[in-house]
Amino acid sequence: MIRILIVEDDENISKMLAATLSIGDYEYDRCADGEEAVQTIINGTYDLILLDVMLPGMDGFAVLEHIRGEGCETPVIFLTALGAVADKVKGLRGGAEDYIVKPFEPVELLARIEVVLRRAGKSEMHLRYGDIQVDIEKHTALKNGMPVALTPKEFDVLVFFMRNPDVAITREQLLSNIWGFDFTGESRSVDIHVQQVRRKMGLQGKLITIPKLGYRLERR
Amino acid sequence: MKLWQKISLIALVFVTLAVQLTQFYILDSHFRSAIAREVNSAASAHSALAASLSNHAAYERLKANTLFLSTDQLTDMLKDTITTDISTADVIEVKKGGKTITAVGTEVLDGASYDLASVKPNDAITDGKTVIFDAGEKTYLMVVSIIKLEAMSYELRTVYDVTNVYDEHDANLNNARMWGLCCGGGISVLLLISVLGFLRPLKRAVKTIGAATAGDYTVRMPEKGSSELKTLAHSINEMTASINEREEKLRGIAESRKRFADAMAHEMKTPLTSILGFADILRIKSVVTDEQRRDFASAIVEEAKRLRGLSAKLLTLASTDNTPLDFADIPAAQLFSDVHATMAPVLGRRGIKLTALHKNAMLHIDRELFLSLLYNLIDNAAKASPDNSEIWLIQSELDGHTVVSVIDRGMGMKPDTVRRATEAFYMEDKARSRKAGGAGLGLALCDDICRRHGARLEIRSTYQKGTTIIIHMNVAPIPKNQGDELEALLQKRPPREKTRDKAREKERQKRKKQRETRYKGGRTI
């Protein structure tokens with residue numbers, strides 16, 4: 001189980017982050033103060049830290065500096081209201097893995113967490129959903145132990161749904177996370193890919209279409 | 001050409017010219033007097049010769065015991081006399097009717113630069129006529145006169161050598177020229193050195209200004225040297241100091257702008273993050289328990305309210321600058337009783353007592369805005385005060401102006417907080433302020449309202465002891481309404497149609513009159 005520390009002084013945002021993390025099946029702890037966070041991180045064993053920049057006591061940059069100074073290599077994602085490039089650079093140069101500008105959508109945060117965990121080698125590489133097994137490293141998808149031929153994009157779509165079960169995924173989120181932000185194609189191609197995945201993997205009735213919203217892979 | 005070159009060159013030219021002119025004048029007058037002396041001595045020698053000639057003639061007459069000397073006797077006498085007298089002159093010649101009767105030393109006159117024959121002795125001249133001429137290498141002075149001997153006119157010419165006077169003059173001239181050249185050279189070197197020395201502060205000034213141009217406004221010049229350069233150095237120092245000060249001020253403004261923008265982003269985006277996050281979770285999650293739904297939805301409502309409060313305050317902050325204020329003279333007693341009536345029940349819930357004291361002053365204020373200022377300050381005081389304490393609202397006189405103070409015995413502020421208190425979004429303790437419903441805009445608004453009233457907001461606070469907020473009334477002119485400026489700008493639009501423009505002009509005049517009368521009324525009361 002992946003353990004994530006939330007360092008955020010605003011009570012409601014902290015709660016929202018916790019709710020988001022439970023959607024992604026992550027364990028979490030919460031902390032609202034910079035100095036306290038440093039101690040918690042050094043003493044605890046976390047796989048990832050969500051770190052707010054403006055904190056009472058000690059700001060996020062200083063927290064990062066402190067824990068890196070203590071030899072803690074836990075990946076850090078900054079959460080901040082400041083979108084200036086200079087601040088972004090400052091955060092990344094300080095050794096943060098990623099930088100998310102508030103406000104953001106929870107699914108976006110989950111996708112970023114996923115990317116950072118994968119880069120750190122902490123992500124689950126074998127996914128299972130009913131009789132479907134996916135090996136991300138080998139890029140193979142098995143249905144009832146039989147390999148199914150999927151295009152790379154179809155494979156990515158399948159993995160994205162399997163990582164976020166029971167959550168409605170919008171076409172925009174699929175587009176930005178699988179095709180990249182700068183993809184300017186029609187969202188029809190998203191629908192076609194989802195239909196292909198549903199057909200090939202036999203997910204009729206499970207990978208359902210939600211009108212006006214997107215798709216959802218029902219947890220059984 | 002550089003300044004030092006110009007100065008030294010021009011000075012050199014003038015000095016040389018002055019020296020040369022003086023030299024020339026002195027030498028020339030000296031030369032003239034020398035010539036005059038020569039001429040005088042020549043003239044006296046000449047007349048002495050003439051006298052001796054007539055004496056000899058008389059003597060010969062007595063010796064020969066005749067009434068008149070014959071021409072031959074006279075000629076012999078003349079020959080004898082001039083030969084013995086030749087020591088006084090270089091040439092002596094006696095002529096009669098253009099013919100030379102006798103002459104001594106005439107050979108020096110060969111090659112004379114002057115036609116000696118052209119000198120016609122004038123009868124009227126008794127002491128002779130003088131001519132100066134060159135012959136060969138030498139210069140001579142000739143004196144010509146008519147003498148009467150034995151009832152006959154003779155022309156007596158004597159010539160004297162005056163070469164030494166001319167030679168002396170030439171030598172003097174040469175000497176002077178040489179000395180002039182040497183001194184000129186020396187002076188020009190001295191001049192150059194001193195001019196360069198005088199101009200050194202200028203070089204320093206150029207260096208200083210160069211450094212300032214490059215962005216170093218901390219450079220200062222040593223203020224010494226002659227008074228003009230001292231003034232220059234002082235001015236330059238003042239300039240760099242004022243630039244430095246202004247730059248720091250600008251930097252301060254830019255910094256506080258950046259802080260404002262950052263704080264603004266933070267304050268806007270924090271509630272937005274919760275709202276967007278919870279709303280999206282509610283949207284995408286397939287199963288949401290009742291408890292979760294209530295939880296998430298109440299967080300959304302809470303944050304949306306916070307956003308509403310923030311936007312209202314921001315709007316007030318933005319519009320206090322633009323809305324024209326409605327000034328009126330309101331007695332402090334009336335104002336304070338209004339404040340008391342509104343605030344006392346609210347404060348009473350926490351057992352806080354509000355005491356209002358006043359000296360019946362008239363306050364020239366916009367009633368609504370000033371009320372909200374006082375509400376804000378009292379609200380702040382209440383937030384800082386413990387339950388069952390007391391808050392004072394006092395109007396008094398201080399140094400000849402009216403002041404309104406709000407005093408509490410609450411938690412006070414640290415000096416750093418006092419300094420930044422009126423900055424928008426500044427909060428000493430974010431968590432506590434937010435719980436108390438603050439957005440960090442209260443004092444920024446208060447400061448703004450004071451400014452609009454021509455008043456100054458002063459904060460005196462001792463940490464853990466309490467805070468006194470003092471509004472100094474009428475310490476600055478009331479700023480002009482920006483609404484008027486906007487109207488003035490609009491009036492500058494290019495005319496479109498003449499007829500309509502005329503009508504509009506009339507309307508505008510009317511409005512202007514109304515406005516003026518209104519303002520007059522407001523000021524004189």
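This is a predicted model: local features need pLDDT of at least 70, side-chain atom pairs count only at pLDDT 80 or more; totals for chains, interfaces and linings use all residues.
Figure 1. The open sheet has three strands in the order β10-β12-β11 (chain A), with antiparallel pairing. Strands β10 (168-170) and β11 (207-210) of chain A each have a single partner strand and stand at the edges, so one side of each is left without a neighbour in the sheet. On average, neighbouring strands of this sheet are turned by 30 degrees against each other, direction ignored. Helix α7 of chain A, residues 171-179, lies across β10 and β12 of chain A and runs at about 70 degrees to β10(A).

**Figure 2. The five-stranded open sheet of chain A.** The strand order is β2-β1-β3-β4-β5 (chain A), and the pairing is parallel. At the edges are β2 (27-31) and β5 (98-101) of chain A, each of which pairs on one side only. Direction ignored, neighbouring strands of this sheet are turned by 20 degrees against each other on average. Within the sheet, strand β3 of chain A (residues 48-52) runs parallel to strand β4 of chain A (residues 76-80), and four bridges join them. Leu50(A) has Ile77(A) of β4(A) as its bridge partner.

Figure 3. Helix α3 of chain A, residues 60-69, lies across β1 (3-7), β3 and β4 of chain A. The direction of α3(A) is at about 145 degrees to β3(A). Helix α5(A) lies across β3, β4 and β5 of chain A, and runs at about 175 degrees to β5(A). For context, chain A as a whole holds eight helices and twelve strands. Of its 220 residues, 38% count as buried. Among contacts in chain A between residues at least 6 apart in sequence, 57% join residues at least 24 apart.

**Figure 4. The contact between chain A and chain B.** Chain A gives 24 residues to the contact and chain B gives 23 residues. On the side of chain A that touches chain B, the elements giving two or more residues are α1 (11-23) and α5 (106-119) of chain A. Helix α1(A) provides the largest share of this side, seven residues. By residue type, the side of chain A that touches chain B comprises 14 nonpolar, two polar and eight charged residues.

**Figure 5. Helix α1 of chain B along its length.** This helix covers residues 3-64. At 1.5 Å a residue, its 62 residues should span 92 Å, and the end C-alpha atoms are 90 Å apart, which agrees. The buried residues of α1(B) are Ser8(B), Glu38(B), Ala42(B), His46(B), Leu49(B), Ala50(B), Leu53(B), His56(B) and Ala57(B). In an α-helix there are 3.6 residues a turn, so residues three or four places apart point the same way. Just after α1(B), Asn65(B) takes a positive phi of about 55 degrees.

Figure 6. Val13(B) is placed in helix α1 of chain B. Val13(B) is exposed, because 11 other C-beta atoms lie within 10 Å, and a residue with 12 or fewer counts as exposed. Between Val13(B) and Ser188(B) the C-alpha to C-alpha distance is 9.5 Å, although the two are 175 residues apart in sequence.

Methods: Residues are numbered from 1 along each chain as its sequence is written. Chains are lettered from A and ligands numbered from 1 in the order in which they are written. The expected span of a helix is 1.5 Å times one less than its number of residues. A residue is buried if 20 or more other C-beta atoms lie within 10 Å of its own, exposed if 12 or fewer, and partly exposed in between; C-beta atoms are placed from the backbone. Two residues are in contact if their C-beta atoms, placed from the backbone, lie within 7 Å. Ala, Val, Leu, Ile, Met, Phe, Trp, Tyr, Cys and Pro count as nonpolar, Asp, Glu, Lys and Arg as charged, and the others, Gly among them, as polar. Two strands pair if DSSP finds at least two bridges between them. Axes are lines fitted to C-alpha atoms, for helices over the stretch in contact, and angles run from 0 to 180 degrees between N-to-C directions.
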